[in-house]
Amino acid sequence: MKNEERYSAARLCSSVHNSFARFLEEGKASASVRCLDRALLKDYEQWLYSRNLADNTVSSYLRSLRSSYYRMAGEFHFYASHTLFKNVYTGVSSTCRRSVARRSVGRVLSGGRLPDDTCLRFTSDMLSLQFLLCGMAYIDLYHLRKTNLQGNVLTYRRHKTDVEISLIVPADGMRLLRLYADTASGSPYLIAMDRRMDIPVKEGTTAAEQTYICYQLSLRKYNGDLHRLSEILGMGEKLSSYSPRHTWASIAFHSNAPVGAISRVLGHKSIRTTEFYLEPFGENEIDRVNNKIIRLVKDGVKTLEIA
């Protein structure tokens, strides 16, 4: 995976391998991915849950293990059962709420009540920029290049899915891009960020791997600063790098934007993925929609009777 520069996937695969090895060690059992069976997988699933891991985390580990299993089957030419993982959880739960209240985003966009802290001001502005750019993922914001912006039109490829996204940057977004423009000589990046390219790395680390490590450090710091920001602003809910993305999608959805359009601008390949981002309608909204539909039908019948 590292040879393909899929560092996030490689990192998860390594974590799953270490986790599965600990599970086998604690159970004093020995097995390889090649020799998996349903009973062992069910025990591993329960072992993961016993560590208070969320459904989506357990699913992520099991899906990664499944990918390793099929990859090894192709590499070593052994029969791979297509029903082996049938009895363990490999779905995706939408119960994890990553969006925040509309008023919380409004408080960040207004920029008020912030202490004289340059770091938190930068964090607040990056969160605003994510939201203003249609819920752009932090990894895409981090990797934006000067060539991605032509006038006020931003065109880039979603890092995770390679889907091309093009949008007009609103005035507030252009102001922030000018404020934080990377003016360093020779830098290809659009936004000036601490990319820490001088950090010590293992011998043999490629430039691409080093870039990934720097991004992970930046993301960790960003999420820590967002947590501090939410406490200072007294939001009552924790901000994360996912917040502007999920919140933008939910607000767009509740503003009657087509799900297909939301999916497109988020860079998703499937509308099903987008649906997990959306806050469901509350009962009051469902009742309102239902009453509206009933009125439309009744009005239609009355129109026909008059005619």
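Reader: How many helices and strands does the secondary structure of the protein chain come to?
Author: This is a predicted model. Of the 307 residues in the protein chain, 40% count as buried. The secondary structure comes to twelve helices and three strands.

Reader: Which residue in β2 is the bridge partner of Gln-150?
Author: Leu-149 stands opposite Leu-154 in β2. For Gln-150, the bridge partner in β2 is Val-153.

Reader: Which residue takes a positive phi in the hairpin of β2 and β3?
Author: In the hairpin of β1 and β2, with two residues between the strands, Gly-151 takes a positive phi near 65°. The hairpin of β2 and β3 has six residues between the strands. There the residue with a positive phi, near 65°, is Asp-162.

Reader: Which residues make up the covered face of β2?
Author: In a regular strand, side chains alternate between the two faces of the sheet. The uncovered face of β2 has Val-153, Thr-155 and Arg-157. The covered face has Leu-154 and Tyr-156.

Reader: How many residues does the largest nonpolar core have?
Author: In soluble globular proteins, nonpolar side chains tend to be buried together. In this model, the residues with the most contacts inside the largest core are Leu-141, Leu-154, Leu-167 and Ile-191. Leaving aside neighbours within four places in sequence, Leu-154 is in contact with residues including Leu-133, Met-136, Ile-165 and Leu-190. The largest nonpolar core has 50 residues.

Reader: How many residues are in another core that lies apart from it?
Author: Among the members of this other core are Phe-23, Tyr-44, Trp-47 and Val-58. Its size is 22 residues.

Reader: Why is the pair of Phe-20 and Tyr-44 given the name it has?
Author: A search of the whole structure finds 13 aromatic pairs. The ring centres of Phe-20 and Tyr-44 are 5.1 Å apart and the planes stand at 85°. Planes over 60 degrees apart count as edge-to-face. The angle of 85° is therefore the reason that the pair is edge-to-face.

Reader: How many residues apart are Phe-20 and Tyr-44?
Author: Phe-20 is in helix α1 (residues 7-26) and Tyr-44 in helix α2 (residues 38-49), so the pair links distant parts of the chain. Both residues are buried, and together with Phe-23 and Trp-47 they form one aromatic cluster. Phe-20 and Tyr-44 are 24 residues apart.

Reader: Which parts of the chain does the pair of Tyr-138 and Tyr-222 tie together?
Author: The pair is stacked, with 4.3 Å from centre to centre and 15° between the planes. Tyr-138 is buried, and so is Tyr-222. The two parts are 84 residues apart in sequence. They are helix α6 (residues 138-143) and helix α8 (residues 207-232).

Reader: Over the ring of which residue does the charged end of Arg-145 sit?
Author: The charged end lies 5.2 Å from the centre of the ring. The residue that carries this ring is Tyr-189.

Reader: Is Asp-182 buried or exposed?
Author: Asp-182 is placed in the loop between α7 (171-179) and α8. Not counting residues up to four places away in sequence, Asp-182 touches Lys-146, Ser-187, Tyr-189, Leu-190, Ile-191, Ala-192 and Arg-195. Its relative accessible area is 11%, and the cut-off for buried is under 20%. Asp-182 is therefore buried.

Reader: How far apart in space are Leu-177 and Asp-125?
Author: Leu-177 lies in helix α7 and counts as buried at 5% relative accessibility. Leu-177 and Asp-125 are 52 residues apart in sequence. In space, C-alpha to C-alpha, they are 9.8 Å apart.

Terms used: Residues numbered from 1 in each chain as written. Predicted model: local features only at pLDDT ≥ 70, side-chain atom pairs only at ≥ 80, totals over all residues. Heavy atoms only, no water. Phe/Tyr/Trp six-rings, centres within 6.5 Å; stacked < 30°, edge-to-face > 60°. Helix = DSSP H or I, 4+ residues; strand = E, 2+ residues; numbered from the N terminus. Buried < 20%, exposed > 50% of the residue type's maximum accessible area, 1.4 Å probe, protein only. Lys NZ or Arg CZ within 6 Å of the ring centre and 35° of its normal. Pairing = 2+ DSSP bridges. Core = buried A, V, L, I, M, F, W, Y, C linked by side-chain atoms within 4.5 Å. Contact = heavy atoms within 4.5 Å.
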